[in-house]
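User: Good morning. Could you take me through this model step by step?

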Amino acid sequence: MPQITVERSGILDDVDWEEFALALHPVVVETAAARLEACKTRVLRSEDEAVGAEKERHAIVDVSIALLAGRSEETKARLTEAVVELLRKHVGPRDGVTLHLSAEVRDLDPSYRKAEV
């Protein structure tokens, strides 16, 4: 915990996603009272995506953060806003490309378990 997944368009290969993840972890710690050493981020690259009905250039980044239950809705909203702001800093605008940046914070299912071996 936290389990963080970044799904992003292939067109964004030039972004340093490890740098983004390392900048994100302290934000999660400060906002949601998580432990830094517990933050784990996976970045998944998508090959194909479509937005709307037109064949235009789009790039999508969606960050999903799963936390143990107990954070208020206000805390989750503050965290999603902070994540989108951090994305803006790391991804930045691109000529001829519409960026779609989003974030979601959800509770892990009570069945969640983990092991470090």
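Analyst: Ile60 stands opposite His100 in strand 4. Strands are DSSP runs of E with at least two residues, and helices are runs of H or I with at least four, numbered from the N terminus. This is a predicted model, in which local features need pLDDT of at least 70 and side-chain atom pairs count only at pLDDT 80 or more, while totals for chains, interfaces and linings use all residues. Residues are numbered from 1 along each chain as its sequence is written, and side-chain values use heavy atoms, leaving out hydrogens and water.

User: And what stands opposite His58 in strand 4?

Analyst: Thr98 takes that place. Strand 3 (residues 58-67) and strand 4 (residues 98-107) run parallel and are joined by 10 bridges; two strands count as paired if DSSP finds at least two bridges between them.

User: In what order do the four strands form the sheet?

Analyst: The order is 2-1-3-4, in an open sheet with mixed pairing. Strand 2 (40-46) and strand 4 are the edge strands, each pairing on one side only. Helix 2 packs on this sheet and touches strand 3 and strand 4, where contact means heavy atoms within 4.5 Å. The direction of helix 2 makes about 150° with that of strand 4.

User: How many bridges are there between strand 1 and strand 2?

Analyst: Seven bridges link strand 1 (residues 3-9) to strand 2, in the parallel sense. One of the pairs is Gln3 with Lys40 of strand 2. From strand 1 the chain passes through helix 1 to strand 2, in a right-handed β-α-β crossover. Right-handed here means that, with the strands pointing away from the viewer, the path from the first strand over the helix to the second runs clockwise. Strand 3, helix 2 and strand 4 also make a right-handed β-α-β unit.

User: Changing topic: at what angle do the axes of helix 1 and helix 2 cross?

Analyst: The axes of helix 1 (residues 17-32) and helix 2 (residues 73-91) cross at roughly 155° and come within 10 Å. Axes are lines fitted to C-alpha atoms, for helices over the stretch in contact, and angles run from 0 to 180 degrees between N-to-C directions. The two helices are therefore roughly antiparallel, a label for angles over 145 degrees.

User: Which residues make the contact?

Analyst: Helix 1 contributes residues including Trp17, Phe20, Leu24 and Val28, and helix 2 contributes, among them, Leu79, Val83, Leu86 and His90. The contact residues divide into 13 nonpolar, three polar and two charged. Ala, Val, Leu, Ile, Met, Phe, Trp, Tyr, Cys and Pro count as nonpolar, Asp, Glu, Lys and Arg as charged, and the others, Gly among them, as polar.

User: One last point: is the peptide bond from Met1 to Pro2 cis or trans?

Analyst: That bond is cis, with omega near -15°, and Pro2 lies in the segment before strand 1. Ala33, in the loop between helix 1 and strand 2, has phi near 55°, a positive value in a residue other than glycine.

Note on methods. Angles under 35 degrees count as roughly parallel, over 145 as roughly antiparallel, 65 to 115 as roughly perpendicular and the rest as oblique.
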